[in-house]
Amino acid sequence: MDYDTKNIQNKKIEKLMSTEVKSMVAKLLARENITIQRGNFDTASFNLKTRVLELPLWETINNDVLDLFIGHEISHALNTPSDGAELFASRCKGIPFSVCNIIEDIRIEKMVQKEYPGLISSFKAGYTFLHENDFFKLDSIPMAERTLVDRINIKAKLRDLVEVPFADDEMELVNAAFNCKSYDDVLEAVNLFKEKLGDLDNNEPGESDDEPDADGDGEGVPSEADDYSDDSETEESGSGSGGDWVSPEDDDTDDSDSDSSGDSNSDNDSDDESDEASSGGGQDDGWKDDGTEAEAEETKTPIKGAGQYGSQSQDALNDNLSNDRLDKDLDNYDVRHFNFIAPTNEMIEDAIVSYEDVRKSRLASNEFQDALVNGFYSYYRDNNTSAIELYKKFNSTSKRFVNSLKMEFEMKKSAYQYTRATVAKTGKIDVNALHAYKYSEDIFNSITTLADAKSHGMIFLIDMSGSMSNVIGTIYKQTINLSMFCKAVGIPFKVYGFTSTYANTRDTEFDHQEGQFDMSDLHMTELLTSDLKKSKWKEALYHMFVASEMFESRSEPSRAESMGGTPLGLATIAIMKKTKEFIAKHKIEKTSIMYLTDGSGHNPRVYGRSFGYGGTGIGKLNGKQCVLSSRNTIEKDLNEHLKKTTGATMTHFFLVDSKAGTRQAGYHALSNDEWKVMKKDKIVTRDAAGGFDRVFIVKNDRSQNLTDANDFGDIETGGMTDNQLAKAFTKNQVGRKTDRVFVNKFIGMVA
């Protein structure tokens, strides 16, 4: 397959997997929030324990057949006991699970059609489609030469579409198969088959191993029936999907003759039939309904005589369904499509440490307590320096910065209002304008209406990976200033740090499903929030400052603020939920989300799946479908989905040390012209990169003050000559100019 063809196939797959309607239908029918996954599965299946319904990606299967499959699987969810495989293994020894599979399929398909009459037409049309498109390959073997189990399977599925003969001495077993009302009845019918046809060990050897191999991957295919009364006759009753749930560890089933009998469990796409009767198709929990799966140990060639449990029509169906998979030719290209599952709200909340818990963690630290009481002598200063005195000096400078920022913000906001102002005529004449009536029509009173200013909200995400350790203290101080600005102008805000440290020490353990995001690698800390009361707010700023000083002295202020990896994708998934809550709580119209990182994030992990090379996940996050692909980088896809679901403006402040440093975030390297700007202004702007509205590439310089805190009044000028004083002032203003670049860009994004 060439690249273009492969790309077209990928687009078809993504479109098919993104269809939500069938998922909703399945959930409604099941009457529970089951999980539906579409992807590169060999068979349709429903796991009775994990409650996951898996559907392959068929290319030609129409909606009727898909409804048929879903109805069949849902009926297992509703009617098959979760310990059904164990019950079969203990009560039906010496007979292949395939017989139980077929008989149970007849029962559950009758039940779902009786429960949901609207499915009757779907079952009928679905099986008609499969028959007319020769999925069963009925012409390959004369009907009279087929095994009894196979003929029962055909009759259950195709009903009056084909004529199926049964001998008089077979009718007892036929009626037993079609008239089961409970799972106990199914097991009794299975044992009746064993009594009449013999144990699996008594199967006669197959005629030839050279016959066409019709083993398939196995797909559960229900059938349609007109009569769902309790006394349904054989010709009219029920249907049987060809086996779709698999026996677990059926150690009592003898597989020794599987080679001669040709039996096959189609839940496993392996060709090794000899193990499948006892292994349950390789399912870990031993009980997985795999949709149209073939019988557990079935003969592939027609054999006259007793003990015949094969179903050649089912083998053919399974094989054709497998060949119809849209992604079958992509297996050799390392492309893997799967449905991911969003983390639960509980999983996300478990990954986030509240501000109050961060506060407690700090106060539990002896080093933090020492810094509060004794200052910073023990860290890096020659003389004992009071923490409170340092904070007072910092706070004084910060207030000047905040006032400047506030003034600029108000001006930009006013400019926005006036440029969008509208003038409306009142219809009343302005007597003071009557003298101009000859050359001006504007003689009426008017009202100027300013555009409504948007209500703002801000969320900051700070990378707290180990590589940020040399600048995190400065970042904390910048965060204090920007938070003070938000507080001053009445903008609600949240500040989160994110990393992976201590994630594996959390006490809570969650049940997870295959394809679900693994949030255990995420550790988010709420560092500051506008929700704090006045006294707590003042304390929070002071504690944040002390924490910044400790970071600058290479000491972590608390266990909650330990630095680790960069789970950027998981942080974005978590912030989707938190942003939605934030907007709803504060009734925000314009939300700005700002990331500050210095490196690349690692791909988020999902249970049993991978976003590695070629991995494409499709599912729902924050209430809407999205496609996450390693081809475009997952971070970019997640950022775009965050914007789509929240309407937020997203900004990335990315710290770099070199021209090529931007590649760590998936951006192209800085050009020569950009590098010149970087050397001069310490910041380069790019629009619409990496899924962000704007990216600011910032020189990673610990000494850089990005908060416009330069103040000539802080410079010791005593004893300077006029020439020295002029040089000092010029140097200060040059630094102030570069610092203003950040401030101007920040205001431009917020206002």
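Two strands pair if DSSP finds at least two bridges between them. Strands (E, at least two residues) and helices (H or I, at least four) are DSSP runs, numbered from the N terminus. The model is predicted: local features need pLDDT of at least 70, side-chain atom pairs count only at pLDDT 80 or more, and totals for chains, interfaces and linings use all residues. Residues are numbered from 1 along each chain as its sequence is written, and side-chain values use heavy atoms, with hydrogens and water left out.

**Exercise 1. Give the strand order of the 8-stranded open sheet and find its edges.**

Step 1. The order is S7-S12-S11-S10-S13-S16-S18-S17, with mixed pairing.
Step 2. Strand S7 (352–353) and strand S17 (683–687) pair on one side only, so they are the edge strands.

**Exercise 2. Describe the two pairings of S18.**

Step 1. S16 (residues 649–656) and S18 (residues 694–699) pair in the parallel sense over 6 bridges. Thr 651 stands opposite Arg 694 in S18.
Step 2. S17 and S18 run antiparallel, joined by 5 bridges. Here Arg 686 faces Val 695 in S18.
Step 3. S17 and S18 form a hairpin with 6 residues between them. In the turn, Ala 688 has a positive phi of about 50°.

**Exercise 3. Work out how H3 and H5 pack.**

Step 1. Take the axes: lines fitted to C-alpha atoms over the stretch in contact, with angles from 0 to 180 degrees between N-to-C directions.
Step 2. Helix H3 (residues 63–79) and helix H5 (residues 97–115) make an angle of about 95°, and their axes lie 9 Å apart.
Step 3. H3 and H5 are therefore roughly perpendicular (65 to 115 degrees).
Step 4. List the contacts (heavy atoms within 4.5 Å). Among them, Gly 71, His 72 and Ser 75 in H3 take part, as do Glu 104, Arg 107 and Ile 108 in H5.

**Exercise 4. Characterise the largest cavity.**

Step 1. Set the rule: on a 1 Å grid over the protein atoms alone, a cavity is a set of points where a 1.4 Å probe fits but cannot get out; lining residues have an atom within 4 Å of a point.
Step 2. The whole structure holds 3 cavities of 30 Å³ or more. The largest has a volume of about 130 Å³, the space filled by probe spheres set on the points.
Step 3. Of its 12 lining residues, the closest to the centre are Phe 460, Thr 479, Leu 482, Leu 596 and Phe 653.
Step 4. H17 gives the most to this lining, with 4 residues.

Methods:
Angles under 35 degrees count as roughly parallel, over 145 as roughly antiparallel, 65 to 115 as roughly perpendicular and the rest as oblique. On a 1 Å grid over the protein atoms alone, a cavity is a set of points where a 1.4 Å probe fits but cannot get out, and a pocket is an open set with protein on both sides within 12 Å along at least five of seven lines; lining residues have an atom within 4 Å of a point.
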